[in-house]
Amino acid sequence: MVKLDKTKFIQTIKNYYEENGIDKTIQLVKKSGICINPYGTGRPREKNLYKDIIEFLKEQDQNSKVLTDFEQEVRHLNDLYKKFNIKYVSEIEGYLTSELHVCSYLIALEIFLTEFNAKTSHDLAIGKINGLNNNFSDIYENIVESTGLVLKYFLYKKYEFNGLSKRIPREFILCAGKHFNSSGIRNYLDTIVELWNYFDNEIEVVGSNQLNIKARGEHAKGRHISHMMFMDIRNAKMSRQSLEQYIFEQKYTPSKTLPPEGYISKYEKSACEFIQEYFSFEDLNVEFNGIKLSELVRAYSLVAIECDKFIKHRKKISNDFIDISLNDICMGKSKQKWISKFINVGIRKDRVEKILDFMTFDINSNDLFDSPFIKIGNNYVVIPSASYITDSARAILLNLNSKGIDISKKGTEFEKGIREAVSYANVKCIHLEKKDYECDAVFSLGNDLFFIETKHLNHPTSYREYMRNLDDLNDACSQLDRIVGFYLEKENLIKIKNELGLEYINNVYKMVVTNTSQGQTLKVNDTLITDDTHFVGYFKRRPPQIVEISSGVVTTRSLFSEYYEGQVNTEQFINLIELSPLIEQNKKRVDRRIIDLSDQIGIKFEDYYIKINTIVTPEFLSHDEQKEFSSLYG
């Protein structure tokens, strides 16, 4: 609406104010994204729109403290980005010309990632890690993800994406490398603004040059728990696959046979397993925008293989190099060469160009995981250390979403999976398909009737995505309320009772089930919200587990077994969903910390962080860490 019809946007805000008052209206204005400009202009992103909205709100509430505080926060946050830009970005831009900036940065990025990976391997070898939170992979992902922000900034500034073979002096590379010194600060800034946009955070002004900012509330904490639980599932699968690869020493060779009939790498095989996790179906012949899912998996797998080969055969770059070109250190090929490589591994000739475009970074891309190709002149460049290992299933999902390609097919398969889980426990489950009143799953436990609405969403990784997730789940609750009201009408209810073989009904339960890991126990009015890990796990009698791997021997131990024993029943099921013991346990894995950036940009930021990660290395735990781990898992 902001982009397409500003008049309609203003009218929407006015109408919303009339119905909801100033507090909720300000929350909506924050969500719209018009207030803060991340490119450091020091003014609101849509300054004229913002001005019109403020004038309207002042006319309605002349002495509102909420409005005054809001305006002050907008000024402070825009000033932070301006301060960051002046202190960190302007210095680099003043030294590097626009025609050298992009290539200098990409070279610096590959050198930085190469050194980071080497240091990580060395630290792991000598045991120089945090036993409770080996977060190297998180740091690596954050670096690559922050690169997406830098590249979008280059596109915004209209820098030249040229010069694949041009030799660039060492001092320019070192200057471009300063982006990494500041990227962490920029990430914190973006996190602070996301918190401000969508959650209840606290901004305290201390003196003239200091802000103390604090994340607070169950939603903010829930975002970290949600992502942590998602990573638990992902890392567990990856660990199992790595162990299988180690034990069985599977060999993979180049092939034109697409998955799942054939695989060209262990990562491609992993990706196909993750398709089930992210898309909720296994049929790789499903097409999105005319491209088979199997072709997308193969394309990302090929890029990873090419990157791995390139790194192994690349000449070592001396620490005291004088100058260097992008094609010395990164993998650049013409469009035709990439097309030939794609065709040679089984991708249809008439789809190759479309796939290459799909995988090329643009202003709508997230990062170099989902869009590994960067168009430099007439060539397509890949940063090898950013793409030699990629969760390609997730990259495909995020890229489809960011490119605006319809991915609604995955929702219907998720519904089927939920119904199948109920049937697995020998409980009859029906699907009500009446137009405008479709209910995804209806079943009974004893004489208690359950109405289920399913919601297949993208896994949230940021505060912004987590809040959108919550909004979607709230909408699903409203939808289910309307549907259940219809089916509880006498005539409709009789049909349901007959179909399920019920003589009478004691209680009616409403539940929204989503594929995204939940970070908090949620209930909207009388509708429960849960995720498929809890729901499917309950009906398949599959509790969460602790897995210990030692010398190739795998030992498992179930958690919360009391909820998964015996026959399924209402009391046990509702207790599991309402008490959410796994979520309650995982809350203890999250703590608070203060990031002190006073010297850099004048802020102290208190946020949540993961204290105990998915993979714990017992031999590296201190006495206190061992005690903390034992108190949590026994």
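Welcome to this structure, starting with two of its strands: β13 (residues 507-514) and β15 (residues 527-531) run parallel to each other and pair over five bridges. Strands here are DSSP runs of E with at least two residues, helices are runs of H or I with at least four, and both are numbered from the N terminus. Two strands count as paired if DSSP finds at least two bridges between them. This is a predicted model, in which local features need pLDDT of at least 70 and side-chain atom pairs count only at pLDDT 80 or more, while totals for chains, interfaces and linings use all residues. Residues are numbered from 1 along each chain as its sequence is written, and side-chain values use heavy atoms, with hydrogens and water left out.

**Loops with something to look at**

- The loop between α8 (218-248) and α9 (266-279) holds Glu261, and Pro260 is found in that loop between α8 and α9 too.
- The peptide bond from Pro259 to Pro260 is cis, with omega near 10°.
- Is Glu261 buried or exposed? Glu261 counts as exposed because its relative accessibility is 66%; the cut-offs are under 20% relative accessible area for buried, over 50% for exposed, and partly exposed in between, using a 1.4 Å probe and protein chains only.
- From Glu261 to Gln518 there are 257 residues in sequence and 34 Å in space, C-alpha to C-alpha.
- Asn426 sits in the loop between α16 (409-424) and β10, and its phi is near 60°, a positive value in a residue other than glycine.
- With 75% relative accessibility, Asn426 counts as exposed.
- Ser580, in the loop between α20 (570-579) and α21 (581-587), also has a positive phi for a residue other than glycine, near 40°.
- Ser580 is buried, because its relative accessible area is 4%.

**Cysteines**

- How many disulfides does a search of the whole structure find? The search finds zero, where a disulfide is a pair of cysteine sulfur atoms within 2.5 Å.
- Cys330 is in no disulfide, and the nearest cysteine sulfur, that of Cys103, is 9.0 Å away.
- Cys330 counts as buried, at 1% relative accessibility.
- The closest cysteine sulfur to that of Cys429 belongs to Cys439 and is 9.0 Å away, so it is too far for a bond.
- Cys429 counts as buried, at 17% relative accessibility.

**Empty space: a pocket**

- Rolling a probe the size of a water molecule over the atoms shows where empty space is left.
- On a 1 Å grid over the protein atoms alone, a cavity is a set of points where a 1.4 Å probe fits but cannot get out, a pocket is an open set with protein on both sides within 12 Å along at least five of seven lines, and lining residues have an atom within 4 Å of a point.
- The second largest pocket holds about 860 Å³ of space; grid points are joined across faces, edges and corners, and a volume is the space filled by probe spheres set on the points.
- Its lining has 30 residues, and Asp23, Gln27, Tyr198, Phe199 and Asp200 are the closest to its centre.
- α1 gives the most to this pocket's lining, with eight residues.
- By class, the lining of the second largest pocket has 14 nonpolar, five polar and eleven charged residues; Ala, Val, Leu, Ile, Met, Phe, Trp, Tyr, Cys and Pro count as nonpolar, Asp, Glu, Lys and Arg as charged, and the others, Gly among them, as polar.

- The whole structure has four cavities of 30 Å³ or more.
- About 190 Å³ of space lies in the largest cavity, and α7 gives the most to its lining, with five residues.
- The second largest cavity has a volume of about 50 Å³, and helix α10 (residues 293-313) gives the most to its lining, with three residues.
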